[in-house]
Amino acid sequence: MGRYITRRVLQGFLTLFLVMFLLHLLTTLAIQLNGNPAQAFFGDRTPSPSQLAAVETRYGLDDPCYDQLGNPCIGPFVERLGDYAQGDFGESLRGRPVTDIVSTAAPNTLRLFVVVTITWLAIGMTLGGIAARRRGKASDHGIRGLSILIDALPIFVLLLVYKYIFSVPLSRWAKDTFGSDSLPALLFKPSFSPQHAWATLIVPGILLGLAGSAAFIRLVRAAQLETYNADHVRTARSKGLSERHVSRHHVVRNSAIPVVTAVGIVFTEALAGAVITEGMMNIYGMGGVLWKAVQDSDVSVVIGVVTLLAAVTVVVMLVVDVVYAALDPRIRYE
Amino acid sequence: MSDPSVSALIAEETQSGVPSRSLWSEAFRTLRRRPDVILATIVAVFFLLVALFPFLFTSKDPQRCDIAESRLPPQWFGGEHPFGTNAYGCDVLAQLVHGTRPSLLLAFIVVGVSVLIGVTLGTVSGYYLGIVDAVVSRIVEVFLVIPLLLAALLLLSLFRNIDLGDGPVSTIAQPAIVLTMFAWMGYTRYVRASVLETKNLDYVTAARVLGASDLRIMVRHVLPNAIGTVTALVPTAIAAVIGTEAVLAFLGIGVRPPAVSWGIMIEEGSQWFTGGSEYLLLFPLGCLMATVLAFVVIGDNLRDALDPKLK
């Protein structure tokens, strides 16, 4: 097990390095094809060549390789890796360090993810479990129809409908009934407020969690069904254990493995969903920052934030793999 | 190796492909009896027809708009504009009909190419393991770490100023390339896992002992076990790409105006939603949801029908 973890950690570092290199190659190609992002610093104004040169030097875009199509720009990449090692993830076009931006934005994203994860587990385990236990009955079909409906509603449609149709009348009603600073009024507030971070994040978080929960419901159902058909469950039943004991100890535990790995895969999807959610609901989180940076062509912020998010994802996947191996000894092939 | 009894055995072995074929016909028979599948297939086929032959469904040009007739409410059938007109006076029905093609074409291209890449890489890496598997697994991991939408957001906005032309393929080329780049890994993982499970089974060992080549073992004996899982993923993946296209178009970086797609219509419609023209949002949203729902229903039932473990 110790050797396995060491190997996975080393692989994780390699993956992270490759991700950074891939991102570097793609952005380099984009700069080479698309023109200089330093121009974005000046907006619509036309800078003098010396001003442009000064900005290019400041953001490390002065290397001539950015003008040569097909040049992989190894030099700036090595420089950037050195900066990352010192905790310097670049600065935004307004001169604010990316690490500073991230440290104020990350707590809101973490809050969002807490709500999302709770929603997933609550909806997925409950509905998936019920559907598996009552396979073929009306509740199974109902839950299945529900999960298909959830699948057919992309997160942005959910948010769109919520924001335009439900949020405004609901928050007006809550304000009139309970007062403008009461909890219900904050819950249905159509935009984020930093003073009441938790309250204004709950509904977007639940919607984001709901959008990803269909996969969870199906997965839990399929995993539990497979276990219900397994020999050891038949044995447990035939030796007279109660149905409750069988499902809790023999089914739910054994079907937890694919569910745990799914968390890793769904995590990246939730990260993407967080960008949409934070962008549409004006939440000041990592996704919201990224979305604004993309709009403003703030390349150094985009690369910095995406690199950090990639690092987080690598860690999450690593943890998932180790948990997977700990739960199922068959996974450690070699 | 050329012993007649051996070739007879091989012949018998290849005939064991028959049950796998009967799995398909049995799956088809199960699906044919489900009313929801029939309904979903009708919806999917209808939108495919719309995408293939838009002129059967509308005679209007979606690009010819009369600003004097802006935001006419739906006049239903018999009127000049059955579904009304949008803010620029364009016919909504014509836009809906012509907007079907980019959405569906993008979905089919992205899913088709990613399945091809995924199945090939998955089989090869699962079968040979060693260095091939190490390389493929690293690549898969690298691409998995960057979420599809994040990558699309980053790349499409960085390449925003590049114009590839107005043809039906070139308007969707950019999103197609980016989405394919970040959509093939799932299939690789599934196929690799299934190959790993299968390749040490007795019948595969038997085929190897009988002298079947690697390619033959992969294609005839190992891959049929994985193909059911992959097929069941396809309709759901198509639905997902249609949804993602809408998100990208909504954010202004997918299929771009003047080309029409459902995502663009949803984006435009959402601006008028509170202004009394709800239908501008509801029509494209309805079409999008109907199509996605149809493909998801087909995919869901297909998965059940093709998974013998759940029988």
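**Notes on aromatic contacts**

1. In this predicted model, one aromatic cluster is formed by A:F17, A:F21 and A:F77.

2. Taken over all chains, the structure holds 9 aromatic pairs. In the pair of A:F21 and A:F77, the ring centres lie 5.0 Å apart and the planes meet at 55 degrees, so the pair is tilted; an angle over 60 degrees would be needed for a pair to count as edge-to-face.

3. In chain B, the aromatic pair of B:F47 and B:W262 is edge-to-face, with 5.5 Å from centre to centre and 80 degrees between the planes. Because B:F47 lies in helix α3 (residues 35-52) of chain B and B:W262 in helix α11 (residues 262-272) of chain B, the pair ties together parts that are 215 residues apart in sequence.

4. Are the two partners of this chain B pair buried or exposed? B:F47 is buried, its relative accessible area being 9%, and B:W262, at 0% relative accessibility, likewise counts as buried.

5. A contact of another kind concerns B:K199, whose charged end sits over the ring of B:Y127 at 6.0 Å from the ring centre; the cut-off for such a contact is within 6 Å of the ring centre.

Key. Residues are numbered from 1 along each chain as its sequence is written. Chains are lettered from A and ligands numbered from 1 in the order in which they are written. This is a predicted model: local features need pLDDT of at least 70, side-chain atom pairs count only at pLDDT 80 or more; totals for chains, interfaces and linings use all residues. Side-chain values use heavy atoms; hydrogens and water are left out. Rings of Phe, Tyr and Trp (its six-membered ring) pair if their centres lie within 6.5 Å; planes under 30 degrees apart count as stacked, over 60 as edge-to-face and the rest as tilted. Helices (H or I, at least four residues) and strands (E, at least two) are DSSP runs, numbered from the N terminus. Buried means under 20% relative accessible area, exposed over 50%, partly exposed in between (1.4 Å probe, protein chains only). A charge sits over a ring if NZ of Lys or CZ of Arg is within 6 Å of the ring centre and within 35 degrees of the ring normal.
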